[in-house]
Amino acid sequence: MSEQNFHLVCPHCQATNRVPSERLASSPNCGKCGERLLTASPHELTAQTVGKVIQKNDVLTIVDFWASWCQPCLMMAPQFKAAASQLPQVVFAKVQTDKYEQAAAPYNIRSLPTMVAFRSGKEIARQSGALPSDQIIQWVRGLQA
């Protein structure tokens with residue numbers, strides 16, 4: 001029986017790593033920089049990294065599209081971080097749409113905050129509006145099923 005490999009983009013150096021499925025639960029490290037691949041914390045994406053993280057990650061990747069002027073976005077930020085800490089095998093990332101407008105444009109974000117779930121470069125779900133951490137966790141777990 002062959003093992004399945006997953007591609008994971010390192011949140012530290014942006015190298016794409018191939019990780020066997022059974023190693024996902026054991027906090028795998030990047031083959032290039034040695035840092036943890038799954039941080040259990042959201043990381044900020046830039047115009048240069050957003051496409052790569054979305055396209056190359058085979059694991060469930062939740063991207064929070066937000067803006068610095070958006071009060072509900074700011075209220076949800078600690079909730080998003082709390083949810084990430086409870087789901088360590090899911091990649092959580094954030095894109096500041098007022099700073100990286102062109103990076104967010106291809107994803108047709110119409111309201112903020114909007115969380116978009118991706119797997120292997122494909123959008124599988126989206127959720128608009130600020131949510132508490134328990135509802136974010138419930139939504140993400142529903143996508144893992």
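Is asparagine 108 buried, partly exposed or exposed? At 44% relative accessibility, asparagine 108 comes out as partly exposed (buried is under 20% relative accessible area, exposed is over 50%, and partly exposed lies in between, using a 1.4 Å probe and protein chains only).

A quick note before the views. This is a predicted model, in which local features need pLDDT of at least 70 and side-chain atom pairs count only at pLDDT 80 or more, while totals for chains, interfaces and linings use all residues. Residues are numbered from 1 along each chain as its sequence is written, and side-chain values use heavy atoms, with hydrogens and water left out.

**View 1. The loop between helix 3 and strand 6.**
Asparagine 108 sits in the loop between helix 3 and strand 6 (helices are DSSP runs of H or I with at least four residues, strands are runs of E with at least two, and both are numbered from the N terminus). Its phi is positive, about 50 degrees, although asparagine 108 is not a glycine. Tyrosine 107 is in this loop too, with helix 3 spanning 101-104. At 13% relative accessibility, tyrosine 107 counts as buried. Leaving out residues up to four places away in sequence, tyrosine 107 touches Val50, Gly51, Ile54, Phe65, Phe118 and Arg126 (contact means heavy atoms within 4.5 Å).

Serine 111 is another residue of the loop between helix 3 and strand 6, and it is partly exposed at a relative accessible area of 34%. From C-alpha to C-alpha, serine 111 is 37 Å from proline 20, and the two are 91 residues apart in sequence. Leucine 112 and proline 113 are joined by a cis peptide bond, with omega at about -10 degrees. Proline 113 also belongs to the loop between helix 3 and strand 6. As a rule, most peptide bonds are trans, and most residues other than glycine have a negative phi.

**View 2. Glutamine 14 and its positive phi.**
Glutamine 14 lies in the loop between strand 1 (5-9) and strand 2 (16-20). Its phi is near 70 degrees, a positive value in a residue other than glycine.

**View 3. The salt bridges.**
The structure holds 2 salt bridges (each is a side-chain nitrogen of Lys or Arg within 4 Å of a carboxyl oxygen of Asp or Glu). Lysine 94 and aspartate 64 are both buried. Glutamate 123 and arginine 126 make a salt bridge as well, their closest N and O atoms being 2.9 Å apart. Here glutamate 123 is partly exposed, at a relative accessible area of 40%, and arginine 126 is partly exposed at 33%.

**View 4. Inside the largest nonpolar core.**
The largest nonpolar core has 18 residues, and those with the most contacts inside it are Ile62, Phe92, Met115, Ile136, Trp139 and Val140 (a core is a set of buried Ala, Val, Leu, Ile, Met, Phe, Trp, Tyr and Cys residues joined through side-chain atoms within 4.5 Å). Helix 2 (71-86), strand 6 (114-119) and helix 4 (133-144) each supply at least two residues of this core. Helix 4 gives the largest share, 5 residues. Apart from this core lies another, of 16 residues, among them Val9, Val50, Phe65 and Ile109. Back in the largest core, take a look at methionine 115. Beyond its neighbours within four places in sequence, methionine 115 has contacts that include Ile62, Val63, Asp64, Met76 and Phe80.

A search of the whole structure turns up 1 cavity of 30 Å³ or more (on a 1 Å grid over the protein atoms alone, a cavity is a set of points where a 1.4 Å probe fits but cannot get out, and lining residues have an atom within 4 Å of a point; points are joined across faces, edges and corners, and a volume is the space filled by probe spheres set on the points). The largest cavity holds about 60 Å³ of space. Among the residues lining this cavity are Leu37, Leu38, His43, Ala84 and Phe92.

Conventions:
1 Å grid on protein atoms, 1.4 Å probe; cavity = no way out; pocket = protein on both sides within 12 Å on 5 of 7 lines; lining within 4 Å.
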